[in-house]
Amino acid sequence: MFKHIMRAGAVAGLCLLVSGTAIAEVKIRVQTTLPLKADDIAMVKDFTDNVSALTNGEVQFEILPVGAIVSVNDIIDAVDKGLVEAGVAWTHYWSGKHPAAMLFGAPVAGAGVGIDNIAFVSWYMNGGGRELYDQLWDEMGVNVKGLMLQPMGPEALGWFKEPINSMEDFRKYRFRTPPGIPGQTYNDIGVASVAMAGGDILPALEKGVIDAAEWCCPKPDSVFGFQKVLKHYYLQGLHQVVVNGDMYINRDVWNKLTDHQKKAMEVAADASLFRSLSYRIYENGKALKDLTENHGVILHDTPADYFPAYMNAAKATLEKNAAENAFFKKVWDSQRAFAEIAVPFWAGAQTSNAQLGKAFADNQ
(Lines give C-alpha, C1' and ligand atoms only; values in the text may rest on other atoms or scores of the structure.)
Protein backbone atom coordinates (compact mmCIF):
# COMPACT_ATOMS: atom_id res chain seq x y z
CA MET A 1 0.00 0.00 0.00
CA PHE A 2 2.85 2.37 0.94
CA LYS A 3 4.57 1.64 -2.37
CA HIS A 4 1.39 2.49 -4.29
CA ILE A 5 1.08 5.80 -2.44
CA MET A 6 4.74 6.63 -3.09
CA ARG A 7 4.34 5.76 -6.77
CA ALA A 8 1.20 7.92 -7.07
CA GLY A 9 2.98 10.80 -5.33
CA ALA A 10 5.93 10.50 -7.68
CA VAL A 11 3.64 10.56 -10.70
CA ALA A 12 1.78 13.62 -9.35
CA GLY A 13 5.07 15.36 -8.65
CA LEU A 14 6.29 14.59 -12.16
CA CYS A 15 3.04 16.02 -13.59
CA LEU A 16 3.50 19.19 -11.56
CA LEU A 17 7.10 19.45 -12.71
CA VAL A 18 6.14 19.01 -16.35
CA SER A 19 3.16 21.31 -16.11
CA GLY A 20 5.31 23.84 -14.25
CA THR A 21 7.34 24.36 -17.41
CA ALA A 22 4.16 25.28 -19.30
CA ILE A 23 2.11 27.07 -16.67
CA ALA A 24 3.92 30.18 -15.52
CA GLU A 25 2.70 32.51 -12.83
CA VAL A 26 2.77 36.05 -14.20
CA LYS A 27 2.66 39.41 -12.43
CA ILE A 28 1.64 42.28 -14.69
CA ARG A 29 1.97 45.89 -13.55
CA VAL A 30 -0.54 48.14 -15.29
CA GLN A 31 0.22 51.87 -15.52
CA THR A 32 -3.03 53.82 -15.76
CA THR A 33 -3.81 57.39 -16.80
CA LEU A 34 -5.98 58.16 -13.76
CA PRO A 35 -6.14 58.12 -9.97
CA LEU A 36 -7.30 54.72 -8.75
CA LYS A 37 -10.52 56.26 -7.39
CA ALA A 38 -11.60 57.28 -10.92
CA ASP A 39 -14.71 55.50 -12.15
CA ASP A 40 -12.95 54.30 -15.30
CA ILE A 41 -10.71 52.09 -13.15
CA ALA A 42 -13.70 50.09 -11.89
CA MET A 43 -14.08 48.17 -15.14
CA VAL A 44 -10.32 47.75 -15.51
CA LYS A 45 -10.36 45.97 -12.14
CA ASP A 46 -13.36 43.95 -13.28
CA PHE A 47 -11.32 42.74 -16.29
CA THR A 48 -8.19 41.92 -14.29
CA ASP A 49 -10.20 40.08 -11.63
CA ASN A 50 -11.82 37.96 -14.34
CA VAL A 51 -8.47 37.11 -15.92
CA SER A 52 -7.07 36.04 -12.56
CA ALA A 53 -10.12 33.87 -11.91
CA LEU A 54 -10.04 32.28 -15.37
CA THR A 55 -6.36 31.41 -14.95
CA ASN A 56 -6.77 30.09 -11.39
CA GLY A 57 -4.58 32.88 -10.12
CA GLU A 58 -1.71 32.26 -12.55
CA VAL A 59 -2.01 35.81 -13.94
CA GLN A 60 -2.06 38.59 -11.36
CA PHE A 61 -2.20 42.34 -11.94
CA GLU A 62 -1.02 45.37 -10.00
CA ILE A 63 -2.93 48.46 -11.11
CA LEU A 64 -0.85 51.59 -10.67
CA PRO A 65 -2.19 55.16 -10.49
CA VAL A 66 -1.34 57.93 -12.91
CA GLY A 67 2.30 58.96 -12.71
CA ALA A 68 3.42 55.94 -10.68
CA ILE A 69 6.12 55.05 -13.21
CA VAL A 70 5.71 57.36 -16.21
CA SER A 71 3.51 60.27 -17.26
CA VAL A 72 0.31 59.79 -19.26
CA ASN A 73 1.94 60.76 -22.54
CA ASP A 74 4.71 58.20 -22.07
CA ILE A 75 2.59 55.12 -21.32
CA ILE A 76 2.67 53.51 -24.77
CA ASP A 77 6.45 54.04 -25.03
CA ALA A 78 6.97 52.62 -21.54
CA VAL A 79 5.03 49.47 -22.47
CA ASP A 80 6.89 49.23 -25.78
CA LYS A 81 10.27 49.37 -24.02
CA GLY A 82 9.24 47.05 -21.19
CA LEU A 83 9.58 49.67 -18.45
CA VAL A 84 6.14 48.48 -17.35
CA GLU A 85 4.39 45.30 -18.45
CA ALA A 86 1.09 46.94 -19.42
CA GLY A 87 -0.74 50.23 -19.64
CA VAL A 88 -4.32 51.45 -19.84
CA ALA A 89 -5.33 54.50 -21.87
CA TRP A 90 -7.38 55.58 -24.87
CA THR A 91 -5.82 54.70 -28.20
CA HIS A 92 -6.58 58.08 -29.80
CA TYR A 93 -3.98 59.47 -27.40
CA TRP A 94 -1.38 57.99 -29.76
CA SER A 95 -2.65 59.77 -32.88
CA GLY A 96 0.66 61.59 -32.99
CA LYS A 97 2.39 58.27 -33.65
CA HIS A 98 -0.18 57.22 -36.23
CA PRO A 99 -3.39 59.02 -37.25
CA ALA A 100 -5.31 55.73 -37.51
CA ALA A 101 -5.05 55.37 -33.72
CA MET A 102 -7.95 57.83 -33.59
CA LEU A 103 -10.19 55.49 -35.58
CA PHE A 104 -9.93 52.89 -32.80
CA GLY A 105 -9.83 55.05 -29.66
CA ALA A 106 -12.28 57.80 -30.58
CA PRO A 107 -13.30 57.91 -34.24
CA VAL A 108 -14.24 61.56 -34.45
CA ALA A 109 -17.97 62.21 -34.98
CA GLY A 110 -18.69 58.49 -35.23
CA ALA A 111 -16.04 58.17 -37.98
CA GLY A 112 -18.25 60.51 -39.99
CA VAL A 113 -20.43 57.54 -40.98
CA GLY A 114 -22.99 57.38 -38.18
CA ILE A 115 -21.36 54.74 -35.97
CA ASP A 116 -22.22 54.87 -32.26
CA ASN A 117 -20.38 52.89 -29.58
CA ILE A 118 -22.60 49.82 -29.86
CA ALA A 119 -22.22 49.76 -33.64
CA PHE A 120 -18.48 50.25 -33.23
CA VAL A 121 -18.28 47.12 -31.08
CA SER A 122 -20.14 45.28 -33.82
CA TRP A 123 -17.60 46.49 -36.41
CA TYR A 124 -14.72 45.54 -34.12
CA MET A 125 -16.02 42.03 -33.39
CA ASN A 126 -17.72 41.16 -36.68
CA GLY A 127 -16.77 43.65 -39.40
CA GLY A 128 -13.00 43.25 -39.59
CA GLY A 129 -12.08 45.79 -36.94
CA ARG A 130 -10.24 43.39 -34.66
CA GLU A 131 -7.84 42.33 -37.41
CA LEU A 132 -7.10 45.96 -38.30
CA TYR A 133 -6.61 46.78 -34.61
CA ASP A 134 -3.99 44.05 -34.38
CA GLN A 135 -2.20 45.59 -37.40
CA LEU A 136 -2.16 49.04 -35.81
CA TRP A 137 0.72 48.29 -33.44
CA ASP A 138 3.06 47.28 -36.27
CA GLU A 139 1.99 50.39 -38.18
CA MET A 140 2.87 52.44 -35.09
CA GLY A 141 6.16 50.58 -34.67
CA VAL A 142 5.55 49.55 -31.05
CA ASN A 143 6.15 46.18 -29.41
CA VAL A 144 2.60 45.96 -28.07
CA LYS A 145 -0.41 43.64 -27.96
CA GLY A 146 -3.65 45.60 -27.58
CA LEU A 147 -6.86 44.51 -25.89
CA MET A 148 -9.96 46.68 -26.31
CA LEU A 149 -11.80 46.72 -22.99
CA GLN A 150 -14.14 49.53 -22.24
CA PRO A 151 -16.66 51.37 -24.44
CA MET A 152 -17.54 54.70 -22.83
CA GLY A 153 -19.48 56.65 -25.42
CA PRO A 154 -21.40 58.67 -26.11
CA GLU A 155 -19.50 61.29 -24.14
CA ALA A 156 -21.07 64.54 -23.04
CA LEU A 157 -20.22 67.80 -24.78
CA GLY A 158 -19.08 69.09 -21.42
CA TRP A 159 -19.30 71.56 -18.54
CA PHE A 160 -19.57 75.38 -18.74
CA LYS A 161 -19.63 78.35 -16.36
CA GLU A 162 -22.56 79.93 -18.18
CA PRO A 163 -25.13 78.64 -20.68
CA ILE A 164 -24.05 78.58 -24.34
CA ASN A 165 -26.74 79.32 -26.88
CA SER A 166 -24.67 79.22 -30.06
CA MET A 167 -21.24 78.53 -31.48
CA GLU A 168 -20.50 82.21 -30.96
CA ASP A 169 -20.92 81.68 -27.21
CA PHE A 170 -18.90 78.45 -27.31
CA ARG A 171 -15.94 80.16 -28.99
CA LYS A 172 -15.54 82.49 -25.99
CA TYR A 173 -14.29 79.63 -23.80
CA ARG A 174 -10.94 77.93 -23.34
CA PHE A 175 -12.15 74.36 -23.48
CA ARG A 176 -10.39 71.22 -22.24
CA THR A 177 -10.58 68.52 -24.90
CA PRO A 178 -8.99 65.11 -25.43
CA PRO A 179 -5.67 65.05 -27.25
CA GLY A 180 -5.38 64.12 -30.90
CA ILE A 181 -7.82 64.63 -33.74
CA PRO A 182 -11.06 64.98 -31.69
CA GLY A 183 -9.55 67.93 -29.84
CA GLN A 184 -7.90 69.39 -32.94
CA THR A 185 -11.30 69.42 -34.65
CA TYR A 186 -12.49 71.91 -32.02
CA ASN A 187 -9.63 74.19 -32.99
CA ASP A 188 -10.75 73.83 -36.59
CA ILE A 189 -14.16 75.29 -35.73
CA GLY A 190 -12.72 78.18 -33.74
CA VAL A 191 -12.92 76.80 -30.20
CA ALA A 192 -9.77 77.31 -28.12
CA SER A 193 -9.03 73.65 -27.44
CA VAL A 194 -6.64 72.80 -24.58
CA ALA A 195 -5.56 69.17 -24.24
CA MET A 196 -4.61 67.99 -20.77
CA ALA A 197 -4.63 64.81 -18.70
CA GLY A 198 -7.66 64.00 -16.57
CA GLY A 199 -6.01 64.70 -13.23
CA ASP A 200 -5.10 68.23 -14.32
CA ILE A 201 -8.59 69.34 -15.35
CA LEU A 202 -10.16 70.33 -12.03
CA PRO A 203 -7.12 72.30 -10.81
CA ALA A 204 -7.00 74.08 -14.19
CA LEU A 205 -10.67 75.04 -13.85
CA GLU A 206 -10.18 76.28 -10.30
CA LYS A 207 -7.16 78.40 -11.35
CA GLY A 208 -8.89 79.80 -14.44
CA VAL A 209 -6.43 78.20 -16.89
CA ILE A 210 -9.48 76.86 -18.73
CA ASP A 211 -13.11 77.98 -18.60
CA ALA A 212 -14.95 74.83 -19.66
CA ALA A 213 -14.15 71.14 -19.98
CA GLU A 214 -15.21 67.74 -21.10
CA TRP A 215 -14.14 64.41 -19.65
CA CYS A 216 -16.66 61.67 -20.21
CA CYS A 217 -20.12 61.06 -18.89
CA PRO A 218 -22.20 61.75 -15.77
CA LYS A 219 -20.69 59.05 -13.50
CA PRO A 220 -16.98 59.62 -14.24
CA ASP A 221 -17.58 63.38 -14.36
CA SER A 222 -19.24 63.38 -10.96
CA VAL A 223 -16.41 61.31 -9.45
CA PHE A 224 -13.98 63.92 -10.79
CA GLY A 225 -16.08 66.61 -9.09
CA PHE A 226 -16.93 68.91 -12.00
CA GLN A 227 -20.17 69.83 -10.23
CA LYS A 228 -18.14 71.59 -7.55
CA VAL A 229 -16.91 74.28 -9.95
CA LEU A 230 -19.31 74.26 -12.93
CA LYS A 231 -23.09 73.91 -13.07
CA HIS A 232 -24.10 73.96 -16.76
CA TYR A 233 -23.94 70.52 -18.36
CA TYR A 234 -24.49 69.52 -21.98
CA LEU A 235 -24.91 65.85 -22.84
CA GLN A 236 -25.00 65.88 -26.64
CA GLY A 237 -21.59 66.12 -28.30
CA LEU A 238 -19.96 64.71 -31.42
CA HIS A 239 -16.26 64.63 -30.55
CA GLN A 240 -16.46 61.24 -28.80
CA VAL A 241 -19.75 59.60 -29.64
CA VAL A 242 -17.50 56.54 -29.74
CA VAL A 243 -14.65 56.19 -27.27
CA ASN A 244 -12.92 53.06 -26.02
CA GLY A 245 -10.45 52.40 -23.21
CA ASP A 246 -7.77 49.81 -23.96
CA MET A 247 -5.03 47.79 -22.30
CA TYR A 248 -1.60 47.60 -23.93
CA ILE A 249 0.65 44.67 -23.03
CA ASN A 250 4.34 44.44 -23.88
CA ARG A 251 4.45 41.88 -26.68
CA ASP A 252 7.39 40.00 -25.16
CA VAL A 253 5.33 39.58 -21.99
CA TRP A 254 2.33 38.51 -24.07
CA ASN A 255 4.35 35.94 -26.02
CA LYS A 256 5.54 34.31 -22.78
CA LEU A 257 1.96 33.63 -21.68
CA THR A 258 0.59 30.15 -22.19
CA ASP A 259 -2.12 29.62 -24.79
CA HIS A 260 -4.65 29.22 -21.99
CA GLN A 261 -3.58 32.48 -20.34
CA LYS A 262 -3.80 34.35 -23.66
CA LYS A 263 -7.25 32.91 -24.33
CA ALA A 264 -8.40 33.88 -20.82
CA MET A 265 -7.31 37.46 -21.44
CA GLU A 266 -8.99 37.60 -24.84
CA VAL A 267 -12.24 36.13 -23.53
CA ALA A 268 -12.24 38.47 -20.52
CA ALA A 269 -11.56 41.44 -22.82
CA ASP A 270 -14.51 40.60 -25.08
CA ALA A 271 -16.72 40.12 -22.02
CA SER A 272 -15.53 43.51 -20.72
CA LEU A 273 -16.90 45.25 -23.83
CA PHE A 274 -20.44 44.28 -22.90
CA ARG A 275 -20.02 44.45 -19.15
CA SER A 276 -18.79 48.03 -19.56
CA LEU A 277 -21.70 49.03 -21.81
CA SER A 278 -24.23 47.72 -19.31
CA TYR A 279 -22.38 49.21 -16.33
CA ARG A 280 -22.31 52.69 -17.83
CA ILE A 281 -25.98 52.89 -18.78
CA TYR A 282 -27.13 52.39 -15.21
CA GLU A 283 -24.29 54.20 -13.44
CA ASN A 284 -24.57 57.26 -15.70
CA GLY A 285 -28.32 57.34 -15.16
CA LYS A 286 -27.93 57.31 -11.38
CA ALA A 287 -25.22 59.97 -11.53
CA LEU A 288 -27.20 62.30 -13.79
CA LYS A 289 -30.20 62.08 -11.47
CA ASP A 290 -27.98 62.88 -8.48
CA LEU A 291 -26.22 65.77 -10.23
CA THR A 292 -29.44 67.50 -11.26
CA GLU A 293 -31.43 66.80 -8.09
CA ASN A 294 -28.77 67.22 -5.39
CA HIS A 295 -25.93 69.35 -6.76
CA GLY A 296 -27.62 72.17 -8.63
CA VAL A 297 -26.45 71.03 -12.04
CA ILE A 298 -28.55 72.37 -14.91
CA LEU A 299 -28.90 70.11 -17.95
CA HIS A 300 -29.07 71.85 -21.33
CA ASP A 301 -29.53 70.90 -24.96
CA THR A 302 -26.46 71.57 -27.11
CA PRO A 303 -26.85 74.53 -29.52
CA ALA A 304 -28.09 73.39 -32.92
CA ASP A 305 -25.33 75.13 -34.89
CA TYR A 306 -22.67 73.04 -33.12
CA PHE A 307 -23.58 69.86 -34.98
CA PRO A 308 -23.04 70.94 -38.62
CA ALA A 309 -19.94 72.94 -37.66
CA TYR A 310 -18.27 70.01 -35.92
CA MET A 311 -19.44 67.37 -38.39
CA ASN A 312 -18.13 69.32 -41.39
CA ALA A 313 -14.75 69.86 -39.74
CA ALA A 314 -14.55 66.18 -38.75
CA LYS A 315 -15.32 65.07 -42.28
CA ALA A 316 -12.59 67.31 -43.67
CA THR A 317 -10.08 65.89 -41.16
CA LEU A 318 -11.04 62.31 -41.98
CA GLU A 319 -10.71 62.90 -45.71
CA LYS A 320 -7.34 64.63 -45.30
CA ASN A 321 -5.88 61.80 -43.25
CA ALA A 322 -7.24 59.17 -45.61
CA ALA A 323 -5.58 60.93 -48.54
CA GLU A 324 -2.25 61.10 -46.72
CA ASN A 325 -2.02 57.70 -45.00
CA ALA A 326 -2.73 54.31 -46.58
CA PHE A 327 -3.48 52.45 -43.35
CA PHE A 328 -5.78 55.21 -42.13
CA LYS A 329 -7.67 54.89 -45.43
CA LYS A 330 -7.82 51.10 -45.06
CA VAL A 331 -9.39 51.35 -41.60
CA TRP A 332 -11.77 54.14 -42.54
CA ASP A 333 -12.85 52.30 -45.70
CA SER A 334 -13.63 49.28 -43.51
CA GLN A 335 -15.74 51.41 -41.16
CA ARG A 336 -17.58 53.01 -44.06
CA ALA A 337 -18.29 49.61 -45.68
CA PHE A 338 -19.63 48.37 -42.35
CA ALA A 339 -21.73 51.51 -41.90
CA GLU A 340 -23.35 51.17 -45.32
CA ILE A 341 -24.76 47.83 -44.19
CA ALA A 342 -25.33 48.31 -40.46
CA VAL A 343 -26.17 51.97 -39.88
CA PRO A 344 -29.46 52.15 -41.86
CA PHE A 345 -30.83 49.35 -39.69
CA TRP A 346 -29.28 50.46 -36.41
CA ALA A 347 -30.16 54.14 -36.80
CA GLY A 348 -33.78 53.22 -37.55
CA ALA A 349 -33.95 50.90 -34.57
CA GLN A 350 -32.35 53.50 -32.33
CA THR A 351 -34.93 56.08 -33.41
CA SER A 352 -37.61 53.80 -32.02
CA ASN A 353 -35.62 53.29 -28.83
CA ALA A 354 -35.05 57.03 -28.42
CA GLN A 355 -38.72 57.87 -28.93
CA LEU A 356 -39.72 55.12 -26.51
CA GLY A 357 -37.34 56.43 -23.88
CA LYS A 358 -38.30 60.04 -24.44
CA ALA A 359 -42.00 59.25 -24.08
CA PHE A 360 -41.25 57.68 -20.70
CA ALA A 361 -38.81 60.38 -19.53
CA ASP A 362 -41.12 63.26 -20.52
CA ASN A 363 -43.90 61.84 -18.39
CA GLN A 364 -41.89 61.30 -15.22
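Predicted model: local features only at pLDDT ≥ 70, side-chain atom pairs only at ≥ 80, totals over all residues.
User: Which residues line the second largest pocket?
Analyst: Tyr 124, Arg 130, Asp 134, Lys 145, Gly 146, Leu 147, Met 148, Lys 263, Glu 266, Val 267, Ala 269 and Asp 270 line that pocket. A pocket here is an open set of points on a 1 Å grid over the protein atoms alone, where a 1.4 Å probe fits, with protein on both sides within 12 Å along at least five of seven lines; lining residues have an atom within 4 Å of a point.

User: Which helix gives the most to the lining of the second largest pocket?
Analyst: Helix 12, with 5 residues. Helix 6 (129-140) and strand 4 are also among the elements that supply at least two residues each. Helices (H or I, at least four residues) and strands (E, at least two) are DSSP runs, numbered from the N terminus.

User: How do its lining residues divide by class?
Analyst: There are 5 nonpolar, 1 polar and 6 charged. Ala, Val, Leu, Ile, Met, Phe, Trp, Tyr, Cys and Pro count as nonpolar, Asp, Glu, Lys and Arg as charged, and the others, Gly among them, as polar.

User: Now the largest pocket. How much space lies in it?
Analyst: About 1900 Å³. The second largest pocket holds about 160 Å³. A volume is the space filled by probe spheres set on the grid points, which are joined across faces, edges and corners.

User: Which residues lie nearest the centre of the largest pocket?
Analyst: Pro 154, Leu 235, Ile 281, Gln 350 and Ala 354, out of 45 lining residues. Helix 14 gives the most to this lining, with 11 residues.

User: Back to Pro 154. Is the peptide bond from Gly 153 cis or trans?
Analyst: The bond from Gly 153 to Pro 154 is cis, with omega near 0°. Pro 154 sits in the loop between strand 4 (144-151) and strand 5 (158-160).

User: New topic. What is the phi of Ala 109?
Analyst: Positive, about 50°, although Ala 109 is not a glycine. Ala 109 is in the loop between helix 4 (101-105) and helix 5 (117-126).

How values were computed. Residues numbered from 1 in each chain as written. Heavy atoms only, no water.
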